[in-house]
Amino acid sequence: NTGAAFSFLAEAGGWQRWFFAGVALAICGVLVVMLRRSHDNRTVAVALALVIGGAVGNLFDRVRLGYVVDFVQLHIPGSGLPPWPAFNIADSAICIGVAFLLWDSLRSGSSAAAEPRQEKS
């Protein structure tokens, strides 16, 4: 896959290789800073590590080969549904990490909402 998710910009002419590599490096830098600041929250730390690992895996393919190798294709024969877009283990790690981040934010948001407000006297 020379583009991004679902082959977005795959036919863009080659510039996207270095653009996506730069974006991945920048995002990894930001996530490493976030990881260092949130090391006390295990869920967030694992989530950020999964996203960073997936981004680095895809970055490695993109820099070395010029494209990301997608090799998992899900399809239910006889269902009439089109096959799910191809993906790889790095994409799965990113998705799982993002799901953990969403779960943690919803969980911590609901506990913050349940806390009673203290009025100033």
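In which helix is the place of Asp-104? Asp-104 has its place in helix α3, where helices (H or I, at least four residues) and strands (E, at least two) are DSSP runs numbered from the N terminus. The structure is a predicted model, in which local features need pLDDT of at least 70 and side-chain atom pairs count only at pLDDT 80 or more, while totals for chains, interfaces and linings use all residues. Residues are numbered from 1 along each chain as its sequence is written, and side-chain values use heavy atoms, with hydrogens and water left out.

The chain contains three helices and zero strands, and its elements follow the order α-α-α from the N terminus on. Of its 121 residues, 24% are counted as buried, a term that stands for under 20% relative accessible area, whereas exposed stands for over 50% and partly exposed for values in between (1.4 Å probe, protein chains only). The chain exposes about 8,600 Å², of which carbon and sulfur atoms supply 67%; such accessible areas come from the Shrake-Rupley method with a 1.4 Å probe, and for residues only the protein chains shown count as cover. When contacts (heavy atoms within 4.5 Å) between residues at least 6 apart in sequence are considered, 50% of them join residues at least 24 apart.

A search of the whole structure finds one salt bridge, defined as a side-chain nitrogen of Lys or Arg within 4 Å of a carboxyl oxygen of Asp or Glu. This salt bridge is formed by the side chains of Asp-104 and Arg-107, with a distance of 2.8 Å from N to O. The two residues are three apart in helix α3 (residues 89-114), so that about one helical turn separates Asp-104 from Arg-107. Asp-104 is buried, at a relative accessible area of 8%, whereas Arg-107 is partly exposed, at 39% relative accessibility.

Arg-107 also lies over the face of Trp-103, at 4.7 Å from the ring centre; a charge is taken to sit over a ring if NZ of Lys or CZ of Arg is within 6 Å of the ring centre and within 35 degrees of the ring normal.

With neighbours within four places in sequence left aside, Thr-43 is in contact with Phe-100, Trp-103, Asp-104 and Arg-107, and under the same exclusion Asp-104 is in contact with Asn-41, Thr-43 and Val-44. Thr-43 and Leu-101 are 58 residues apart along the chain, and their C-alpha atoms are separated by 7.6 Å.

A further residue, Asn-88, is placed in the loop between α2 (42-65) and α3, and at 3% relative accessibility Asn-88 is buried. Asn-88 and Gly-57 are 31 residues apart in sequence, and the distance between them in space is 9.7 Å, C-alpha to C-alpha.
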